[in-house]
Amino acid sequence: MSPTYSQAAPEPKRNMGEPAPRLDARLKVTGEARYAADFPINNLAHGVLVTSAIARGRVASLDLEEARAVPGVIEILTHENTGDAVKPLPFGSGAATSIQPLADPRIWHDGQIIALVLADSFEAAREAAYKVGAGYAAEQPSAGFDAAGAETVPALGHAKSHSEDPAVGDADAALRGAATVIEVGYATPTQHHNPIELFSTTCVWNGEHLTVYEPSQSVYGFRGMVAKQLGMDQANVRVVSPYVGGAFGSKGPMTPRTGLIAFAARRIGRPVRCVVSRAQGYTTTTYRAETRHRIRMGAGPDGRISGFTHDGWEVTSRPDAYVVGGTDSTARLYGYGAVATKVHMVKADRNTPGYMRSPPEVPYIYALESAMDELAVALKMDPVELRRVNDTMKEPIKGYPYTSRGLMECFDRAAAAFGWSGRDPAVGSMREGDWLIGMGCAAALYPTNLGAATARVRLSADGTVRVQTAAHEIGNGAYTVIGQMAAERLGVDLAAVTVELGDTDLPPAPVAGGSNTTASVCSTVLKACDAIREKLFRAVGKPDEGSVRDVLEGMPSGAIEEYAEWIPPGAPQDAIRKLYQGASTLRGGSEGEKMMYAFGAEFVEVRIHARTREIRVPRITGAFTAGRIMNTRTAHSQLMGGMIWGISSALHEKTDIDRRHARYINKDIAEYLVPVNADIAKVEVIMIPEEDREVNPAGIKGLGELGNVGTASAIANAVYHATGKRIRDLPIRIEDLL
Ligand code: MOS
């Protein structure tokens, strides 16, 4: 390891790459990295959104006179002058919602876009936006669970993304026959992404050609969708997103704003930029919906689980059947006997929810791993041993094998590092001065998703390499790990590699979702590099081994360029065509006949003040197996960040809703609580070497979303251990422990 690497980067072990510093680190800290709203554009007009003050009903009247009188105002778009000029996108096609604002006066949720003000300056647009007068015909909205008028429907048969309710055997009979049975319910709150980089769109027309600058996890997806919205050929659209300042799922599906801004720019004949305010981001993009769970488990005296049922309820919008359906994972984590699961949607007058980091696993594994702890207590068993007794190399629903499964290795390594053996299992037995000490643990898992991907790699005679692929840098280190794969394969220094990402002028790569980027894109880059090597070594008549640098002088021309396409096993034959059209080709996890998952185990210590009930997390230890690790620095950061987000889920984050008006209340980062430095103490990340040749040629499993799975239940379990209080509704706040 080079001495210039900081100590924060763990030394690589077997099947792990060097902790190379991020290729974009300097650009980012110097402000040179251009985020979507940073591109300098001539003659720019500014757009500001006006949003609905009611959650259900319609816009009955609009008074624009005062707004139009503001100096600098160019145009105000409303449903009266926009209509069907911007086509709605069907839900499930990559769009965040089927609700197309300004298409008609209907209001589906609080904070829906009802007007777009365009002006010469941002200030003029904002002033005019405040002066837009709207009258409403309001109806009583349903805010979510338990609200009058909310409609509960099964996800199966209604939601596109939920193709089965995993089940096997007779779970009810198994539960009737079990010596120990628990039946428990859990709840998780609404959460909003709050990326540091605000949502924004900048649209520039050049004749029939449109360029969109927008932070995006899916530039090809956005290209296809915006072309559909405006009824144009996607070849005439370019989407540019070289850096994304926080996404976590919020910039994956395209929101209706993009088409609207593009339309506005065409209407006024000027480029338009719209930066969405923090508060408007809560209602004009997606969020993590609140969930509820009911779990039943039955086990014998040895801890073997004979019956498991998991019912989940998720809030969604009226028109869009969005569910995460995390029973795909909970039904397969352990070797249960019989299993019955069911996912339900509760339709309410809310904006459509969407992906937020580990969308299914965060709420559903929280519920499962909390229930596992409750079962361990009921059985008077060590919670780690309960996991061991129920560990399995075959998922229980169809008996399909895991390609590799490091779950118990993670538990054992993390337990040893954490000092789990020093825990007194008796509730409330550990104390230091005024602080009650609790220790808890939970499993983490995340599906290995893969998508079809393409890349163009060029090796020049001077030994430099250029990699081009429209993957996305969402803060995860994509530039760096993709560059590392090319450097390694061609035997050149990483410093000789340039990586270009985030632009539809480059060959397509999948959506940066489901933690698939490293696995999918590195598999493709590997293929392109191998093709270059083959050509080069054949040309110079030498065996293909070692570095390409040694034989460069024999290169037949100034450069060798190879374009590669990689299709994951089981993907449709037309996956590449779909990729070019911007359609998702992602699959993985439990979808095939082999279970592909990364695993982890997390152990936390909580301290609760005996009198004030203040809750602290002085330390957390996570151990993970995720196949090949490309870069121990960026992987460490992803896993550490995930666990910090898990602490946030357990103790801080919740979007409060005024249930009378179906309206979010704390729409700012002063009142939407996230942990700050003072909330986070020791976070220990252990990466355990793992080789898995079955998942993909590069042997990589995704780990971006792995770290924050299970953390919240580990904390809830530790809170129980400290206090004897089982809090089943997140987040856990001081008032819950009084
Ligand atoms: Mo992630 S929530 O799959 O962008």
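This is a predicted model: local features need pLDDT of at least 70, side-chain atom pairs count only at pLDDT 80 or more; totals for chains, interfaces and linings use all residues.
**Cysteines**

A disulfide is a covalent bond between the sulfur atoms of two cysteines. A search of the whole structure turns up zero disulfides. The cut-off for a pair is 2.5 Å between sulfur atoms.

| Cysteine | Nearest cysteine sulfur | Distance |
|---|---|---|
| Cys203 | Cys274 | 9.6 Å |
| Cys522 | Cys529 | 9.8 Å |

Cys203 is in no disulfide, and Cys522 is in no disulfide either. Are these residues buried or exposed? Cys203 has a relative accessible area of 0%, so this residue counts as buried. Cys522 is buried too, at 0% relative accessibility.

**Helix α11**

Helix α11 runs over residues 407-418 and has twelve residues. From first C-alpha to last, α11 reaches 16 Å. That is close to the 16 Å expected at 1.5 Å a residue.

Which residues of α11 are buried? They are Leu407, Met408, Cys410, Phe411, Ala414, Ala415 and Phe418. Viewed down the axis of α11, the buried residues fall within an arc of 150°, so they line one face of the helix.

What do the buried residues of α11 pack against? One partner is a helix, α10 (383-389). The strands β17 (435-447), β24 (597-609), β25 (615-625) and β28 (682-687) are partners as well.

Just after α11 comes Gly419, with a positive phi of about 85°.

Note on methods. Residues are numbered from 1 along each chain as its sequence is written. Side-chain values use heavy atoms; hydrogens and water are left out. Buried means under 20% relative accessible area, exposed over 50%, partly exposed in between (1.4 Å probe, protein chains only). Helices (H or I, at least four residues) and strands (E, at least two) are DSSP runs, numbered from the N terminus. The expected span of a helix is 1.5 Å times one less than its number of residues. The arc is that of the directions from the helix axis to the C-beta atoms. Contact means heavy atoms within 4.5 Å.
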